Amino acid sequence: MNFALILFILVVVSGIAWIADRYYFAPQRRKAGIDRMPLWLEYTAGFFPVICAVFVLRSFIVEPFKIPSGSMIPTLQIGDFILVNKFTYGIRLPVINQKVIDLGSPKRGDVVVFRYPRDESIDYIKRVVALPGDTITYQDKRITVNGQPLQYSGGENYLDPENMRYAKRFAESFPADLGGNKHEILNDPDRPAGMFPAERFPGFENCQYINAGLTCKVPAGHYFAMGDNRDNSADSRYWGFVPDKNIVGRAFFVWLNLGNLGRIGGFE
């Protein structure tokens, strides 16, 4: 269900009713000495200001999402309700998601929501680990970008609540000249490092797959995105690059988790 399209249709319908009431029906009622709106106008024109405000807020400022899977554990948990900044990377037209004002672009380490390239009716959330033009290598569960390896520390046990098995929790850091972003990831030592795509994807020829991982040159206008739960995430290693036109916004805040109210707050 395309909620943005439904909301847009409601704005148009209620807006037409609001204009019709303001410039035609309301003057007619005043002439007739009638104070109350007809019921059909109450439920159309009467709701226009509220529907319009929600539409503007959701389309251009922030949009709520709910985390449905464990691919971003430990950063985001199943059931987290998050907010996504819709204008960090530019202003996009609602419904068609066409950028009309460019205000920036994703940075390495940003957590972004985007339309899944293989089915744009589905929203995905992952972490950007490589930008257009970058060469990324993922080998033996470690990342190298443009020849510079990311730094890793920690390695304590962490119980993955989705799989009910222990994984290793690491802090992963980009070098300073690659943005310096630091965040946490999970690695399952019992799972193999090699990644093999189920089928070819646009830009597949830019990647080389080996037993212990892969190396990809990110095409212009695209990003390489991965889940923080590295051995439990379907991401760019499997289905390819994220086009810039699919970007919805940057995730930045957990505003509710009914199972754990202490999770409310920002995240990296």
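Mentor: Happy to! Let's start with D80, which counts as buried at 0% relative accessibility; here buried means under 20% relative accessible area, exposed over 50%, and partly exposed in between, using a 1.4 Å probe and protein chains only. Before going further, please keep in mind that this is a predicted model, where local features need pLDDT of at least 70, side-chain atom pairs count only at pLDDT 80 or more, and totals for chains, interfaces and linings use all residues. Residues are numbered from 1 along each chain as its sequence is written, and side-chain values use heavy atoms, leaving out hydrogens and water.

The side chain of D80 meets that of R263 in a salt bridge, 2.7 Å from N to O. D80 sits in the loop between β1 (62-66) and β2 (81-85), while R263 sits in the loop between β17 (247-256) and β18 (265-266), so the pair ties together parts that are 183 residues apart in sequence. Strands here are DSSP runs of E with at least two residues, numbered from the N terminus. R263 is partly exposed, at 21% relative accessibility, whereas D80 is buried at 0%.

What makes such a pair count? Side chains of opposite charge can pair when their charged atoms come close. The rule used is a side-chain nitrogen of Lys or Arg within 4 Å of a carboxyl oxygen of Asp or Glu, and by this rule the count comes to 18 salt bridges.

Other pairs sit in other surroundings. R58 and E63 form a salt bridge whose closest N and O atoms are 2.7 Å apart; R58 is buried at 18%, and E63 is buried at 6%. R36 and E42 pair at 3.2 Å, N to O, with R36 exposed at 60% and E42 partly exposed at 23%. There is also a network of salt bridges linking R92, K99, D102 and D244.

Finally, have a look at N85, found in strand β2 and buried at 11% relative accessibility. A polar atom of the N85 side chain lies 2.9 Å from the backbone nitrogen of F87, and the backbone nitrogen of T88 also lies 2.9 Å from a polar atom of that side chain. Setting aside neighbours within four places in sequence, N85 is in contact (heavy atoms within 4.5 Å) with I61, V248, G249, R250 and F252.

Definitions and conventions: Helix = DSSP H or I, 4+ residues; strand = E, 2+ residues; numbered from the N terminus. Polar contact = N/O pair within 3.5 Å; in protein donor to acceptor, adjacent residues only side chain to side chain.
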